[in-house]
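Dear colleague,

Please read them with the model open beside you.

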Amino acid sequence: MKKSIIALAVAGALTAPIAAQADATLYGSLRLNLSNYDSTGLDFTDNASRIGIKGSTELFSGAKAIFQWEQFVSTETGALGYQKTQGNGGRLASIGITGDFGTVNAGRQWSPFAIWTVFPTDILVNSDNSGNTGYQPGLHRLSNTVAYISPAMNGLQVAAVLIANNNDKAATSSAAIATQADVDAGNAATVGQVFNKTTTASDDSEDLDAYNLAVKYSVDGLTLAASTIGLEPSGQSVNSVAASYTTGGLYVAARYQDDETAGAGNEDSYELAAKYTMDKTTVAANFIDNDNVADDAYSLEVSQKLGKAATAFVGYYDKGADDSLAVGYRVDF
């Protein structure tokens, strides 16, 4: 109740006419991390903290209008933004409709690629765990989109996202797609430009810049998913599959990705992840093999729930050339 009252107050200050008629919830996660990388030494940093407002309002048809706005917030500066993108605080901003027919959403939102084929192996509490992730960071949140996700039909769901961004910037190639190195280096010129890449005279007539098609099937603790992302007019694609299984306190997952946008040739990457939860303690590990990275990466992490919304962790993260020990604390609300 208190959370809803606060959310309505915040939302009212931003968009009073809308929030007054909607059920809005303020949410977020503040995260601090003390790490010791081989390359940089001891560092006390923010760990991808964020704050947002989400909610819904009834439509005359019986369906619901939905909305979500989410920003990075830095525990280092107290301001909106995330240090690794040099103040680029935008995460999510979308509106849509949901009902028995499924969900239609537009704006900046999570991609089915991320939700169904990346997140199953993204199980560590530490967001800054390993640079060899094997997936394009700019593909997990998409801008300039219209998306449809079907309801579950005997465990089967399908999703389609269309991306259209008519821009007239200086010509460049698909190399402008953000890599993990860009994110780690804080290269704001490329971070987040996966689908906002520039156009040339030859492709100004393209009606569609990119698309994401995905399918997921879940039954008895087992989930299988596949996704393909196509970039127009280059014809390049990013294809991925994932599988996960839950039984009792044990969770295991695996994913494979074929990325045609990675430099001069394809990049294949594989990831394995597992965790086991005993009461309030979780032990998690992952392993990543990325063709375009010289060394494999792996992580081992132990996290402890301190309350309903507070978690502490300690972990070892091997990036190949740059290892790290880290301890952290986060509070979700």
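**Salt bridges and strand pairing**

Glu70 is buried, with a relative accessible area of 5%, where buried means under 20% relative accessible area, exposed means over 50%, and partly exposed is in between, computed with a 1.4 Å probe on protein chains only. Please keep in mind that this is a predicted model, in which local features need pLDDT of at least 70 and side-chain atom pairs count only at pLDDT 80 or more, while totals for chains, interfaces and linings use all residues. Residues are numbered from 1 along each chain as its sequence is written, and side-chain values use heavy atoms, with hydrogens and water left out.

The partner of Glu70 is Arg91, and the two form a salt bridge in which the closest N and O atoms are 2.4 Å apart; the term stands for a side-chain nitrogen of Lys or Arg within 4 Å of a carboxyl oxygen of Asp or Glu. Because Arg91 lies in strand S5 (residues 90-99) and Glu70 in strand S4 (residues 64-72), the pair ties together parts that are 21 residues apart in sequence. Strands (E, at least two residues) are DSSP runs, as are helices (H or I, at least four residues), and both are numbered from the N terminus. Arg91 is also buried, at 3% relative accessibility.

The count by this rule comes to three salt bridges. One of them joins the side chains of Lys280 and Asp279, at 3.7 Å from N to O; here Lys280 is partly exposed, with a relative accessible area of 45%, and Asp279 is exposed, at 69%. Another links Asp332 with Arg330, the closest N and O atoms being 3.1 Å apart, and in this pair Asp332 counts as partly exposed at 25% relative accessibility, whereas Arg330 counts as buried at 17%.

Turning to the strands, S17 (residues 323-332) pairs with strand S1 (residues 23-37) in the antiparallel sense over nine bridges, pairing here requiring that DSSP finds at least two bridges between two strands. Within this arrangement, Asn36 stands opposite Leu325 in S17. Strand S16 (residues 310-318) also pairs with S17 in the antiparallel sense, over nine bridges, and the bridge partner of Tyr317 in S17 is Ser324. The hairpin of S16 and S17 has four residues between the strands, and in this hairpin Gly320 takes a positive phi near 90°.
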